[in-house]
Amino acid sequence: MDLNSAQVVGAAAKAHDITMWGLFWQADLIVKCVMLMLLVASVWCWAIIIEKLMRIRRLNAQADAFEESFWSGGSLDALYDRIGQAPSDPMSATFAAGMREWRHAADRGIGSMKGSLQQRVERVMSVTIGREMMRAERYMTFLASVGSTAPFIGLFGTVWGIMNSFTSIASSGNTSLAVVAPGIAEALFATAMGLLAAIPAVISYNKFSTDLGRYADRLETFSGEFSAILSRHLEERGAA
(Lines give C-alpha, C1' and ligand atoms only; values in the text may rest on other atoms or scores of the structure.)
Protein backbone atom coordinates (compact mmCIF):
# COMPACT_ATOMS: atom_id res chain seq x y z
CA MET A 1 0.00 0.00 0.00
CA ASP A 2 1.49 3.38 -1.00
CA LEU A 3 1.32 6.55 1.07
CA ASN A 4 -1.71 7.98 -0.72
CA SER A 5 -3.72 4.78 -0.26
CA ALA A 6 -2.79 4.66 3.41
CA GLN A 7 -3.94 8.24 3.84
CA VAL A 8 -7.26 7.44 2.14
CA VAL A 9 -7.82 4.42 4.32
CA GLY A 10 -6.99 6.37 7.46
CA ALA A 11 -9.28 9.22 6.49
CA ALA A 12 -12.11 6.82 5.73
CA ALA A 13 -11.70 5.08 9.07
CA LYS A 14 -11.82 8.40 10.91
CA ALA A 15 -14.74 9.70 8.87
CA HIS A 16 -17.03 6.78 9.60
CA ASP A 17 -18.29 5.66 12.99
CA ILE A 18 -18.90 1.91 12.81
CA THR A 19 -21.13 1.83 15.90
CA MET A 20 -24.87 1.27 15.51
CA TRP A 21 -25.55 4.91 16.35
CA GLY A 22 -22.91 6.04 13.87
CA LEU A 23 -24.21 3.75 11.13
CA PHE A 24 -27.67 5.28 11.56
CA TRP A 25 -26.58 8.93 11.49
CA GLN A 26 -24.24 8.45 8.53
CA ALA A 27 -26.82 6.57 6.46
CA ASP A 28 -28.73 8.03 3.52
CA LEU A 29 -32.08 9.74 4.25
CA ILE A 30 -34.06 6.89 2.67
CA VAL A 31 -32.11 4.31 4.68
CA LYS A 32 -32.67 6.35 7.84
CA CYS A 33 -36.43 6.35 7.19
CA VAL A 34 -36.35 2.58 6.70
CA MET A 35 -34.41 2.11 9.95
CA LEU A 36 -36.78 4.36 11.90
CA MET A 37 -39.79 2.52 10.49
CA LEU A 38 -38.34 -0.83 11.49
CA LEU A 39 -37.37 0.46 14.94
CA VAL A 40 -40.91 1.70 15.60
CA ALA A 41 -42.34 -1.59 14.33
CA SER A 42 -39.98 -3.56 16.58
CA VAL A 43 -40.88 -1.52 19.68
CA TRP A 44 -44.59 -1.84 18.94
CA CYS A 45 -44.20 -5.60 18.41
CA TRP A 46 -42.52 -6.02 21.77
CA ALA A 47 -45.26 -3.97 23.44
CA ILE A 48 -47.87 -6.27 21.86
CA ILE A 49 -45.89 -9.38 22.84
CA ILE A 50 -45.68 -8.33 26.49
CA GLU A 51 -49.37 -7.38 26.55
CA LYS A 52 -50.43 -10.67 24.95
CA LEU A 53 -48.30 -12.75 27.32
CA MET A 54 -49.89 -11.07 30.32
CA ARG A 55 -53.40 -11.17 28.84
CA ILE A 56 -53.36 -14.86 27.91
CA ARG A 57 -51.99 -15.78 31.32
CA ARG A 58 -54.71 -13.69 32.96
CA LEU A 59 -57.46 -15.18 30.77
CA ASN A 60 -56.46 -18.73 31.68
CA ALA A 61 -56.27 -17.87 35.38
CA GLN A 62 -59.71 -16.23 35.26
CA ALA A 63 -61.13 -19.22 33.39
CA ASP A 64 -59.74 -21.58 36.04
CA ALA A 65 -61.32 -19.51 38.82
CA PHE A 66 -64.68 -19.33 37.03
CA GLU A 67 -64.79 -23.05 36.25
CA GLU A 68 -64.02 -23.80 39.89
CA SER A 69 -67.03 -21.70 40.92
CA PHE A 70 -69.22 -23.11 38.15
CA TRP A 71 -68.52 -26.76 38.96
CA SER A 72 -68.55 -26.28 42.73
CA GLY A 73 -72.17 -27.45 42.95
CA GLY A 74 -73.59 -24.05 43.86
CA SER A 75 -76.66 -22.44 42.34
CA LEU A 76 -76.22 -21.16 38.79
CA ASP A 77 -78.72 -18.39 39.53
CA ALA A 78 -76.60 -17.24 42.46
CA LEU A 79 -73.48 -17.33 40.29
CA TYR A 80 -75.24 -15.28 37.63
CA ASP A 81 -76.48 -12.75 40.19
CA ARG A 82 -72.91 -12.30 41.35
CA ILE A 83 -71.18 -11.85 37.97
CA GLY A 84 -73.93 -11.47 35.38
CA GLN A 85 -73.98 -7.68 35.23
CA ALA A 86 -70.21 -7.24 34.96
CA PRO A 87 -68.45 -10.39 33.71
CA SER A 88 -64.69 -9.96 33.99
CA ASP A 89 -63.51 -12.50 31.40
CA PRO A 90 -64.77 -14.21 28.22
CA MET A 91 -65.86 -17.41 29.97
CA SER A 92 -67.98 -15.63 32.54
CA ALA A 93 -69.35 -13.40 29.74
CA THR A 94 -70.35 -16.54 27.81
CA PHE A 95 -72.08 -17.93 30.90
CA ALA A 96 -73.83 -14.60 31.56
CA ALA A 97 -75.11 -14.42 27.97
CA GLY A 98 -76.58 -17.93 28.18
CA MET A 99 -78.16 -17.36 31.58
CA ARG A 100 -79.57 -14.02 30.49
CA GLU A 101 -81.38 -15.65 27.58
CA TRP A 102 -82.53 -18.49 29.82
CA ARG A 103 -83.99 -16.11 32.42
CA HIS A 104 -85.63 -13.99 29.76
CA ALA A 105 -87.40 -17.09 28.45
CA ALA A 106 -88.28 -18.21 31.98
CA ASP A 107 -89.94 -14.86 32.69
CA ARG A 108 -92.17 -15.33 29.65
CA GLY A 109 -92.83 -18.99 30.28
CA ILE A 110 -90.55 -21.73 28.98
CA GLY A 111 -93.24 -24.19 28.06
CA SER A 112 -94.47 -22.33 25.00
CA MET A 113 -91.02 -21.87 23.46
CA LYS A 114 -88.84 -24.71 24.67
CA GLY A 115 -88.30 -25.95 21.11
CA SER A 116 -86.34 -22.82 20.12
CA LEU A 117 -84.90 -21.84 23.51
CA GLN A 118 -81.99 -24.24 23.25
CA GLN A 119 -80.99 -22.85 19.87
CA ARG A 120 -81.22 -19.25 21.07
CA VAL A 121 -79.07 -19.94 24.12
CA GLU A 122 -76.43 -21.64 21.97
CA ARG A 123 -76.55 -18.78 19.47
CA VAL A 124 -76.07 -16.00 22.01
CA MET A 125 -73.17 -17.89 23.61
CA SER A 126 -71.56 -18.42 20.21
CA VAL A 127 -71.90 -14.72 19.38
CA THR A 128 -70.39 -13.80 22.75
CA ILE A 129 -67.45 -16.15 22.21
CA GLY A 130 -66.80 -14.64 18.79
CA ARG A 131 -66.89 -11.09 20.17
CA GLU A 132 -64.62 -11.90 23.09
CA MET A 133 -62.11 -13.71 20.88
CA MET A 134 -61.97 -10.70 18.55
CA ARG A 135 -60.92 -8.60 21.54
CA ALA A 136 -58.35 -11.17 22.66
CA GLU A 137 -56.87 -11.41 19.14
CA ARG A 138 -56.49 -7.66 18.75
CA TYR A 139 -53.16 -6.60 17.13
CA MET A 140 -52.40 -10.16 15.99
CA THR A 141 -52.68 -8.92 12.40
CA PHE A 142 -49.96 -6.37 13.09
CA LEU A 143 -47.59 -9.09 14.31
CA ALA A 144 -48.28 -11.12 11.19
CA SER A 145 -47.75 -8.11 8.94
CA VAL A 146 -44.44 -7.17 10.56
CA GLY A 147 -43.24 -10.77 10.46
CA SER A 148 -43.91 -11.03 6.74
CA THR A 149 -42.88 -7.57 5.53
CA ALA A 150 -40.06 -6.35 7.83
CA PRO A 151 -37.30 -8.42 6.13
CA PHE A 152 -38.27 -7.01 2.73
CA ILE A 153 -38.41 -3.44 4.06
CA GLY A 154 -34.94 -3.94 5.51
CA LEU A 155 -33.78 -5.44 2.23
CA PHE A 156 -35.05 -2.36 0.40
CA GLY A 157 -32.93 -0.18 2.70
CA THR A 158 -29.93 -2.43 2.06
CA VAL A 159 -30.32 -2.30 -1.72
CA TRP A 160 -30.70 1.47 -1.61
CA GLY A 161 -27.61 1.84 0.58
CA ILE A 162 -25.49 -0.42 -1.64
CA MET A 163 -26.59 1.56 -4.70
CA ASN A 164 -25.35 4.71 -2.98
CA SER A 165 -22.04 2.98 -2.16
CA PHE A 166 -21.50 2.00 -5.78
CA THR A 167 -22.40 5.52 -6.87
CA SER A 168 -19.74 6.86 -4.49
CA ILE A 169 -17.21 4.41 -5.93
CA ALA A 170 -18.00 5.57 -9.44
CA SER A 171 -17.70 9.25 -8.53
CA SER A 172 -14.51 8.92 -6.47
CA GLY A 173 -12.79 6.26 -8.57
CA ASN A 174 -11.48 4.61 -5.40
CA THR A 175 -12.37 0.92 -4.96
CA SER A 176 -10.58 0.45 -1.64
CA LEU A 177 -12.55 -1.72 0.79
CA ALA A 178 -11.93 0.77 3.58
CA VAL A 179 -13.74 3.39 1.50
CA VAL A 180 -16.78 1.34 0.47
CA ALA A 181 -17.13 -0.82 3.61
CA PRO A 182 -18.80 1.84 5.80
CA GLY A 183 -21.51 2.46 3.24
CA ILE A 184 -22.13 -1.25 2.81
CA ALA A 185 -22.22 -1.66 6.61
CA GLU A 186 -24.88 1.05 6.83
CA ALA A 187 -26.90 -0.75 4.18
CA LEU A 188 -26.61 -4.17 5.84
CA PHE A 189 -27.61 -2.62 9.16
CA ALA A 190 -31.07 -2.02 7.65
CA THR A 191 -31.42 -5.74 6.89
CA ALA A 192 -30.36 -6.57 10.44
CA MET A 193 -33.04 -4.27 11.83
CA GLY A 194 -35.62 -5.87 9.55
CA LEU A 195 -34.74 -9.31 10.91
CA LEU A 196 -34.70 -7.93 14.46
CA ALA A 197 -38.31 -6.84 14.00
CA ALA A 198 -39.50 -9.86 12.00
CA ILE A 199 -38.13 -12.80 13.99
CA PRO A 200 -39.84 -12.00 17.34
CA ALA A 201 -43.04 -11.09 15.49
CA VAL A 202 -43.20 -14.43 13.66
CA ILE A 203 -42.35 -16.51 16.74
CA SER A 204 -44.81 -14.67 18.97
CA TYR A 205 -47.57 -14.76 16.33
CA ASN A 206 -47.29 -18.54 16.05
CA LYS A 207 -47.26 -18.97 19.83
CA PHE A 208 -50.18 -16.63 20.48
CA SER A 209 -52.23 -18.13 17.64
CA THR A 210 -51.81 -21.56 19.24
CA ASP A 211 -52.59 -20.28 22.75
CA LEU A 212 -55.65 -18.32 21.65
CA GLY A 213 -56.85 -21.27 19.58
CA ARG A 214 -56.69 -23.48 22.66
CA TYR A 215 -58.50 -20.85 24.69
CA ALA A 216 -61.23 -20.59 22.04
CA ASP A 217 -61.62 -24.39 22.15
CA ARG A 218 -61.91 -24.12 25.92
CA LEU A 219 -64.73 -21.59 25.57
CA GLU A 220 -66.50 -23.76 23.01
CA THR A 221 -66.22 -26.78 25.31
CA PHE A 222 -67.67 -24.82 28.22
CA SER A 223 -70.46 -23.51 26.00
CA GLY A 224 -71.38 -27.06 24.99
CA GLU A 225 -71.34 -28.30 28.59
CA PHE A 226 -73.42 -25.38 29.81
CA SER A 227 -75.87 -25.84 26.96
CA ALA A 228 -76.24 -29.51 27.92
CA ILE A 229 -76.99 -28.51 31.53
CA LEU A 230 -79.66 -26.05 30.41
CA SER A 231 -81.13 -28.66 28.07
CA ARG A 232 -81.38 -31.10 30.94
CA HIS A 233 -83.15 -28.50 33.08
CA LEU A 234 -85.48 -27.77 30.18
CA GLU A 235 -86.41 -31.42 29.84
CA GLU A 236 -86.97 -31.73 33.58
CA ARG A 237 -89.32 -28.75 33.55
CA GLY A 238 -91.14 -30.15 30.57
CA ALA A 239 -91.59 -33.51 32.28
CA ALA A 240 -92.80 -31.80 35.44
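## Overall fold

The protein has 8 helices and 0 strands. Read along the sequence, the pattern is α-α-α-α-α-α-α-α. Helices here are DSSP runs of H or I with at least four residues, strands are E runs of at least two, and both are numbered from the N terminus.

This is a predicted model: local features need pLDDT of at least 70, side-chain atom pairs count only at pLDDT 80 or more, and totals for chains, interfaces and linings use all residues. Residues are numbered from 1 along each chain as its sequence is written, and side-chain values use heavy atoms, with hydrogens and water left out.

Of the 240 residues, 38% count as buried. Buried means under 20% relative accessible area, exposed means over 50%, and partly exposed lies in between (1.4 Å probe, protein chains only).

## Helix α4

Helix α4 covers residues 76-83. Its buried residues are Leu76, Leu79, Tyr80 and Ile83. Seen down the helix axis, they fall within an arc of 100 degrees, so they line one face of α4. The arc is taken from the directions from the helix axis to the C-beta atoms. Asp81 and Arg82 are exposed on the other side of α4.

The start of α4 has a contact of its own. There, a side-chain oxygen of Ser75 reaches to within 3.2 Å of the backbone nitrogen of Asp77. A polar contact is a pair of N or O atoms within 3.5 Å; within protein, one must be able to donate a hydrogen and the other to accept it, and residues adjacent in sequence count only if both atoms are side-chain atoms.

## Salt bridges

The structure holds 8 salt bridges. Each is a side-chain nitrogen of Lys or Arg within 4 Å of a carboxyl oxygen of Asp or Glu. One of them joins Lys52 and Glu51, at 3.3 Å from N to O. Lys52 is buried, with a relative accessible area of 2%. Glu51 is partly exposed at 34%.

Which residues form a network with Arg218? Asp64 and Glu67 are linked with Arg218 by salt bridges. Asp64 meets Arg218 at 2.4 Å, N to O. Asp64 lies in helix α3 (residues 29-70) and Arg218 in helix α8 (residues 177-239), so this pair ties together parts 154 residues apart in sequence. Asp64 is partly exposed, at 43% relative accessibility. For Arg218 and Glu67, the closest N and O atoms are 2.9 Å apart. This pair also links distant parts of the chain: Arg218 is in α8, Glu67 is in α3, and 151 residues separate them.

## Aromatic pairs

A pair of aromatic rings is described by the distance of the centres and the angle of the planes. Rings of Phe, Tyr and Trp (its six-membered ring) pair if their centres lie within 6.5 Å; planes under 30 degrees apart count as stacked, over 60 as edge-to-face and the rest as tilted. The whole structure has 12 aromatic pairs.

Phe70 and Phe95 have ring centres 5.8 Å apart and planes at 80 degrees, so the pair is edge-to-face. Phe70 lies in α3 and Phe95 in helix α5 (residues 90-108), so the pair ties together parts 25 residues apart in sequence. Phe70 is buried, at 4% relative accessible area. Phe95 is buried too, at 0%. The rings of Phe95 and Phe226 have centres 5.1 Å apart and planes at 50 degrees, so this pair is tilted. Phe226 lies in α8, so its pairing with Phe95 in α5 ties together parts 131 residues apart. Phe226 is buried, at 0% relative accessibility. One aromatic cluster is formed by Phe66, Phe70, Trp71, Phe95, Phe222 and Phe226.

## A nonpolar surface patch

Ile30, Phe152, Leu155, Phe156, Val159, Trp160 and Met163 form a nonpolar patch on the surface. Together they have about 670 Å² of accessible area, computed by the Shrake-Rupley method with a 1.4 Å probe; for residues, only the protein chains shown count as cover. Patches are made of residues with over 30% relative accessible area and no salt bridge: like charges are joined within 9 Å, nonpolar side chains (Val, Leu, Ile, Met, Phe, Trp, Tyr) within 5 Å.

Helix α7 (residues 140-172) gives the largest share of the patch, 6 residues. Phe152 is found in α7. Phe152 is exposed, with a relative accessible area of 59%.

Most residues other than glycine have a negative phi. Tyr139 is not a glycine, yet has a positive phi of about 75 degrees. Where is Tyr139 found? Tyr139 sits in the loop between α6 (114-136) and α7. Tyr139 is partly exposed, at 35% relative accessible area.
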